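Notebook open, viewer open. I'm going through one model and jotting down what I look up as I go.

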Amino acid sequence: MMGGQMAHEYMYLTSIGEDTLLLCDTCHYAANAQIACFHKPITAAETLQAIEKVATPECKTIEDLANFLGVDKARTAKAVFLVATVAESEKDIERFVFAIVRGDMEVNETKLANAVKAKELRPAREEEIRAVGTEPGTPHRWVS
């Protein structure tokens, strides 16, 4: 980010803008969505159960999975496969990034790029996903 962690960004509301602003009328919080802080809603505590493998035919999305299992999306997790361009030994290299997020959340690519010190992130291609030992589009579901 320009100016480091303490940089301020001045924004103006316009119909042709390219950023998303988060504004709160109650507490007057305002931030660019790429760097905004928030607290995940806490899910209700549940009794732990034994883990079991469950077949989930035709479940291609988190929505499909949650509906099939009869659970809230917050009780699921999804894997997001990306490739990061990072500087190493004075040259740019690509590193595979495997991010797990709660099913009702989305990956904030700006925050993830900062966390892994990436110059940029891009979605992993199918052959890159296969190269790490998984099959794209084939869900593996474990429930407890």
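Started at Asp 64: a polar atom of its side chain sits 3.2 Å from the backbone nitrogen of Lys 60. I'm counting polar contacts as N or O pairs within 3.5 Å; within protein, one atom must be able to donate a hydrogen and the other to accept it, and residues adjacent in sequence count only if both atoms are side-chain atoms.

Housekeeping before I go on. This is a predicted model, where local features need pLDDT of at least 70 and side-chain atom pairs count only at pLDDT 80 or more, while totals for chains, interfaces and linings use all residues. Numbering runs from 1 along each chain as its sequence is written, and side-chain values use heavy atoms, with hydrogens and water left out.

**Asp 64, continued.** I placed Asp 64 in helix H1, residues 62–69. My helices (H or I, at least four residues) and strands (E, at least two) are DSSP runs numbered from the N terminus. I noted Asp 64 as partly exposed because its relative accessibility is 31%; the scale is buried under 20% relative accessible area, exposed over 50%, partly exposed in between, with a 1.4 Å probe and protein chains only. Leaving out residues up to four places away in sequence, Asp 64 touches Glu 58 and Cys 59, with contact meaning heavy atoms within 4.5 Å.

**Overall layout.** I looked up the secondary structure and got three helices and seven strands. Along the sequence they run β-β-β-α-β-β-α-β-α-β. Of the 144 residues, 24% are buried. I also checked contact range: among contacts between residues at least 6 apart in sequence, 53% join residues at least 24 apart. The protein exposes about 11400 Å², and carbon and sulfur atoms supply 54% of that; areas are Shrake-Rupley with a 1.4 Å probe, and for residues only the protein chains shown count as cover.

**Core.** Which residues make up the largest nonpolar core? I listed ten: Leu 82, Ala 84, Val 86, Ile 93, Val 97, Ala 99, Leu 112, Ala 113, Ala 118 and Leu 121. Strand E4 (77–88), E5 and helix H2 (109–115) each supply at least two residues of this core. The rule for a core is a set of buried Ala, Val, Leu, Ile, Met, Phe, Trp, Tyr and Cys residues joined through side-chain atoms within 4.5 Å. I clicked on Val 86 and, skipping residues up to four places away in sequence, found contacts that include Lys 91, Ile 93, Val 116 and Ala 118.

Ile 100 lies in strand E5, residues 91–102, and I marked Ile 100 as exposed because its relative accessibility is 51%.

**Salt bridges.** Side chains of opposite charge can pair when their charged atoms come close. I required a side-chain nitrogen of Lys or Arg within 4 Å of a carboxyl oxygen of Asp or Glu, and the count came to eleven.

- Lys 73 and Glu 63 meet at 3.4 Å, N to O. This pair links distant parts of the chain, ten residues apart: Lys 73 is in the loop between H1 and E4, Glu 63 in helix H1. Lys 73 is partly exposed at 32%, and so is Glu 63 at 41%.
- Arg 122 and Glu 128 meet at 2.6 Å, N to O. Are they buried or exposed? Arg 122 is buried at 19%, and Glu 128 is buried at 15%.
- Glu 126 and Arg 130 meet at 3.5 Å, N to O. They are about one helical turn apart because four residues separate them in helix H3, residues 126–131. I also noted that salt bridges with shared partners join Glu 94, Arg 122, Arg 125, Glu 127 and Glu 128 into one network.

**Thr 76.** Last stop: Thr 76, in the loop between H1 and E4. I put Thr 76 down as buried because its relative accessible area is 9%. A polar atom of the Thr 76 side chain lies 2.7 Å from the backbone oxygen of Lys 73. Neighbours within four places in sequence aside, Thr 76 is in contact with Ile 62, Leu 65, Val 71, Val 101, Arg 102 and Gly 103.
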